[in-house]
Amino acid sequence: MKSFLSIVLFSLAFIMNAQNNAFQSGEKLVFTASYNMSGLMTDIAQVSMEANNVKTKSGTLLHLKCAATTYKKWDNFFKVRDLYESFINPKTVTPYLYKREISEGGYYKYVKYNFKHKSKTVKSLIRKKSKNFESGFWDRNNTVKIKSGTRDIVSTIYYLRSLDIKKAPIGASDTFTVLFDNKETKFSFTYVKKETINTAIGSKECYKLKISVASDVLKGSNSNFLWLTADENKIPVFAKFKVAVGNGELKIKSATGLKN
């Protein structure tokens with residue numbers, strides 16, 4: 001089962017080699033997530049993305065937290081409380097620990113990845129609810145082999161923002177790999193054009209990117225797009241995505257604590 005926030009995050013992902021000069025501790029982005037219901041785009045949830053420093057024994061990591069919460073009037077219909085977290089090197093955006101907790105309409109799932117980059121492995125824990133176990137949950141532990149550069153979905157989104165996209169020509173494309181549900185999933189992106197759009201934080205010149213995913217999360221070859229501000233912050237301000245049961249949008253609502 002693909003979660004609500006999974007679909008939103010997959011519509012934001014993009015990757016290349018870079019150093020982080022785009023975001024910092026204290027940044028918070030808030031979005032409105034909408035879904036097409038009976039031909040009308042309807043606001044159903046709030047999505048937030050936060051970055052904050054955390055101290056560890058070996059230094060300081062950046063804690064990235066993405067959360068989705070349905071608005072109260074939709075809770076009785078389909079209550080969503082999703083949380084995705086990644087703990088990264090603040091300069092290289094390399095992930096060390098990833099957590100994903102899904103609570104949607106009675107469905108529950110928890111995932112934890114410990115990245116071991118030297119051995120190119122991830123220690124994985126997946127926990128689900130089950131009526132067949134006394135504790136109410138079953139756990140599955142695995143060690144997953146990964147390729148060099150494989151990341152979780154949250155760190156991938158932030159890595160995107162560290163890219164020097166202005167040097168890319170129109171039509172440039174590439175592929176990358178995200179570990180999702182213990183499987184390496186291939187993404188591709190295409191830089192479509194520069195485009196100025198109106199948003200809740202003002203009129204913004206943006207890089208328009210087309211996203212394709214080699215999985216059943218997103219549908220359509222020309223239906224999933226992301227707009228990043230064409231400045232040093234590269235804020236995701238707008239996204240369109242299509243899934244098996246319809247299509248949706250993600251629109252920026254506020255942006256605070258920006259680095260540039």
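Student: Okay, let's start with Lys109. Is it buried or exposed?

Tutor: Keep in mind that this is a predicted model. Here Lys109 counts as buried, because its relative accessibility is 5% and the cut-off for buried is under 20%.

Student: Where does Lys109 sit in the fold?

Tutor: Lys109 belongs to strand E6, which covers residues 107-116.

Student: And which side chain does Lys109 make a polar contact with?

Tutor: That's Asp181: the two side chains are joined by a polar contact of 2.9 Å. Asp181 also turns up among the residues that Lys109 is in contact with once you set aside neighbours within four places in sequence. That list includes Arg100, Glu101 and Ile126 as well.

Student: How far apart are Thr150 and Leu179, in sequence and in space?

Tutor: They're 29 residues apart in sequence, while their C-alpha atoms are 6.5 Å apart in space. Leu179 is one of the residues Thr150 touches, not counting those up to four places away in sequence, and Phe115 and Thr177 are also among them.

Student: You mentioned H3. How many of its residues are buried?

Tutor: 9 of its 9 residues are buried. Among them are Ser155, Thr156 and Arg161, along with Ile153 and Val154.

Student: What caps the N-terminal end of H3?

Tutor: Asp152 does, with a side-chain oxygen 2.9 Å from the backbone nitrogen of Val154.

Student: Which residues touch the most other members in the largest nonpolar core?

Tutor: That core has 62 residues, and the ones touching the most other members are Tyr84, Tyr98, Ile153, Val154, Leu209 and Val237. The largest share of this core comes from H3, which supplies 6 residues.

Student: Switching to strands. How do E12 and E13 pair?

Tutor: They pair in the antiparallel sense over 4 bridges. Within that pairing, Phe225 stands opposite Lys240 in E13. The two strands form a hairpin with 6 residues between them, and Lys234 in the turn has a positive phi of about 50°.

Student: And which strand do 6 bridges join to E13?

Tutor: That's E14, residues 246-256, and it runs antiparallel to E13. There, Val243 stands opposite Gly246 in E14. E13 is mostly covered too, with 6 of its 8 residues buried.

Student: How many disulfides does the structure hold?

Tutor: It holds 0 disulfides. A disulfide is a covalent bond between the sulfur atoms of two cysteines. As for the cysteines here, Cys66 is buried with a relative accessible area of 1%, and Cys206 is buried with 0%.

Student: Last one: what does the whole chain look like in numbers?

Tutor: The chain has 3 helices and 14 strands. Of its 260 residues, 48% count as buried. The chain exposes about 12,500 Å², with carbon and sulfur atoms supplying 49% of that area. Among contacts with a separation of 6 or more, 52% are between residues 24 or more positions apart.

Technical notes: Residues numbered from 1 in each chain as written. Predicted model: local features only at pLDDT ≥ 70, side-chain atom pairs only at ≥ 80, totals over all residues. Heavy atoms only, no water. Core = buried A, V, L, I, M, F, W, Y, C linked by side-chain atoms within 4.5 Å. Buried < 20%, exposed > 50% of the residue type's maximum accessible area, 1.4 Å probe, protein only. Polar contact = N/O pair within 3.5 Å; in protein donor to acceptor, adjacent residues only side chain to side chain. Disulfide = S-S within 2.5 Å. Contact = heavy atoms within 4.5 Å. Pairing = 2+ DSSP bridges. Areas by Shrake-Rupley, 256 points an atom, 1.4 Å probe, with all protein chains shown as cover.
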